[in-house]
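Here is a short briefing on one protein chain. Please look over the sequence and the model before reading on.

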Amino acid sequence: MKIAGIYLAAGNSSRMGSNKLALPVGTMTVGSLALETALKSSLDKVYIITKDKDDADWLPAEMKLDARCSFIKCPTAHHGQSESLRYGIQQAQTDRMDAVIVILADQPFITVQMLEEMIACRKNNQMCRFVATTYEQTIMPPVLFSSSMYTELMELRGDNGAKAILRGDFLQKGKLLPCADKRLVFDVDTEADYEALQLIEKTK
């Protein structure tokens, strides 16, 4: 079974006022932390979706050269997250991936264990259409989607992320993996979030 990560890194950072993925965190950057985690996992490929004019200078050279990384520019990223997601799904279809895990570049504290649990859950449940992280009963990224959902994901438009599909009776068709630690699903959207990130890093 082949599983790829779709690393969504084409956001506008509108609430931050500058490219949040390039902000320093120790010797790393905000945008490199979750990718480092993804590359330590057993994912077969990681599709890094960026804006058309983003050369991913916020990533260390060794990550950019990793054989599992594929950089995909999304010229329509300004139309919403669904655009980036579709570009990743198209590549997954081309590469005949059996499933994808949608990962946000601004979620610095996801862990290898979280990704591996999702991968194992999918491999052990062949009929499972998705595996989603939850915190306090709310679905959060990262989320794994089986190839059987690619068509539905390709139909998303605007800022409707993949979570838009995961509601109602459809939730019976997959697995939910509760996360007890809010830090693991923490995302960096504002200057206050960035300050909180730096504090968490210092106390790790």
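This is a predicted model: local features need pLDDT of at least 70, side-chain atom pairs count only at pLDDT 80 or more; totals for chains, interfaces and linings use all residues.

Residues are numbered from 1 along each chain as its sequence is written, and side-chain values use heavy atoms, with hydrogens and water left out. Helices (H or I, at least four residues) and strands (E, at least two) are DSSP runs, numbered from the N terminus.

**Nonpolar cores**

- The largest nonpolar core has 43 residues. A nonpolar core is a set of buried Ala, Val, Leu, Ile, Met, Phe, Trp, Tyr and Cys residues joined through side-chain atoms within 4.5 Å.
- Buried means under 20% relative accessible area, exposed over 50%, and partly exposed in between (1.4 Å probe, protein chains only).
- Residues with the most contacts inside the largest core include Tyr-7, Leu-43 and Ile-101.
- Elements that each supply at least two residues of this core include strand E1 (3–9), helix H4 (112–124) and helix H6 (191–203).
- Helix H1 gives the most to this core, with six residues.
- Apart from this core lies another, of 29 residues, among them Ile-6, Leu-8, Phe-130 and Phe-170.
- Beyond its neighbours within four places in sequence, Leu-43 is in contact (heavy atoms within 4.5 Å) with residues including Ile-3, Arg-68, Ile-103 and Ile-119.

**Pairing around strand E8**

- Strand E8 spans residues 138–146, and seven of its nine residues are buried.
- Two strands pair if DSSP finds at least two bridges between them.
- Strand E6 (residues 99–104) pairs with E8 in the antiparallel sense over four bridges. Here Ala-99 stands opposite Ser-146.
- Strand E7 (residues 130–135) also pairs with E8 in the antiparallel sense, over six bridges. Phe-130 stands opposite Phe-145.
- Two residues lie between the strands in the E7 and E8 hairpin, where Glu-136 takes a positive phi near 50°.

**Ala-132**

- Ala-132 is found in strand E7. Its relative accessible area is 0%, so Ala-132 is buried.
- Outside four places in sequence, Ala-132 touches residues including Met-118, Ile-139, Val-143 and Leu-177.
- Ala-132 and Cys-74 are 58 residues apart in sequence and 25 Å apart in space, C-alpha to C-alpha.

**Thr-29**

- Thr-29 sits in strand E3 (residues 28–29). Thr-29 is buried, with a relative accessible area of 14%.
- The side chain of Thr-29 reaches the backbone oxygen of Trp-58 at 2.6 Å.
- Leaving aside neighbours within four places in sequence, Thr-29 is in contact with Leu-21, Ala-22, Leu-23, Pro-24 and Trp-58.

Conventions
A polar contact is a pair of N or O atoms within 3.5 Å; within protein, one must be able to donate a hydrogen and the other to accept it, and residues adjacent in sequence count only if both atoms are side-chain atoms.
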